[in-house]
Amino acid sequence: MAYGNTTLAKGSDGDEVVELQMRLAGFRGTVPDGDFGPGTELQVVKFQQDYMKRDAPDGVVDDATFAAIEQFAADQPIDFGSLACPCSRCDGFGQGRFEGEYRAGKPHVEAYHLYEYPGVHKMLLWAVRALKFYLPQYNFVINSGYRCAENNKMKNRTSTNHHGKAIDLDVPLGPGEDRRDDMRRCEEIRGLLVERSAAQVGWSAADRKSLEPANIAPTWIHYDVRSYRRKYLADGYFCISSEQLDRPSA
Ligand SMILES: [Zn+2]
């Protein structure tokens, strides 16, 4: 069954549910495991409450809910130009190198994985859409999207999180605002991502979307999926264009 053709509800499973879980990543949010349990039901309820303004959200993905998810995507276009790597040596999203290789002398965990993933993780981008929906008063810009190994070498960076697993967002200062306003706003945004999107500050729990704490990212929002287990970082979860992001994979 293709995504969008069949009603989905508690007990449903399969690739259509994976697609749904990705699309609602910013409304609470689960991992894309294809199992429509209580966590996924809560995602649907939150979406029906907050986006669809339903008085009686039922957690069932019917035709109207599918249509609303399409509208939500259309409301919040993602600018892949600003996500692309600025190195001018790759095509914008790395060269697919270094899979299974890690930084010398470091444990074999995702934070040190050198793989240039094939695009940006879809869950992050859907979560950014929800963030923009919840905070329409802020003009979010993507400061850093993909930064491949070449770009890291040029900039003497050792972090590989921006090989498709991280995005840095910023809200430009308004008239008369200073750094303290910026820091306060970033704290507010992180708080909202924790509450609405089930993100964590730091990386202690597996399979949660993560935010860098204020001492690392005082005046921007760093959002990543590096604490996901490898199975949720499969190549198919990454995308390089709006068409790939919005095209149901099931
Ligand atoms: Zn590059």
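**Helix packing and a zinc site**

Hi everyone, let's start with helix 5 and helix 7, where A127, L131 and Y134 of helix 5 meet I189, L192, L193, R196 and S197 of helix 7; contact here means heavy atoms within 4.5 Å, and helices are DSSP runs (H or I, at least four residues) numbered from the N terminus. Sorted by class, the residues of this contact are 6 nonpolar, 1 polar and 1 charged, with Ala, Val, Leu, Ile, Met, Phe, Trp, Tyr, Cys and Pro as nonpolar, Asp, Glu, Lys and Arg as charged, and the others, Gly among them, as polar.

Before going on: this is a predicted model, where local features need pLDDT of at least 70, side-chain atom pairs count only at pLDDT 80 or more, and totals for chains, interfaces and linings use all residues. Residues are numbered from 1 along each chain as its sequence is written, and side-chain values use heavy atoms, leaving out hydrogens and water.

Now the geometry: helix 5 (residues 122–134) packs against helix 7 (residues 179–197) at about 115°, with axes 11 Å apart; axes are lines fitted to C-alpha atoms, for helices over the stretch in contact, and angles run from 0 to 180 degrees between N-to-C directions.

And the zinc ion? Its protein donors are C85 (SG), C87 (SG), C90 (SG) and C148 (SG), lying 2.2 to 2.4 Å from it; donors are N, O and S atoms within 2.8 Å of the metal (3.2 Å for Na, K and Ca), and sites may look incomplete without water. Along the chain these donors follow the spacing C-x1-C-x2-C-x57-C. The site is tetrahedral, with angles of 104 to 117° among its 4 donor atoms (four donors with all angles between 85 and 135 degrees).

Lastly, helix 1 (residues 15–23) packs with helix 5 at about 45°, their axes 8 Å apart. Q21, M22 and R23 of helix 1 and K122, M123 and W126 of helix 5 make that contact.

Key: Helices (H or I, at least four residues) and strands (E, at least two) are DSSP runs, numbered from the N terminus. Four donors count as tetrahedral if all angles lie between 85 and 135 degrees; four count as square planar and six as octahedral if opposite donors are over 155 degrees apart and all others between 65 and 115; anything else is irregular.
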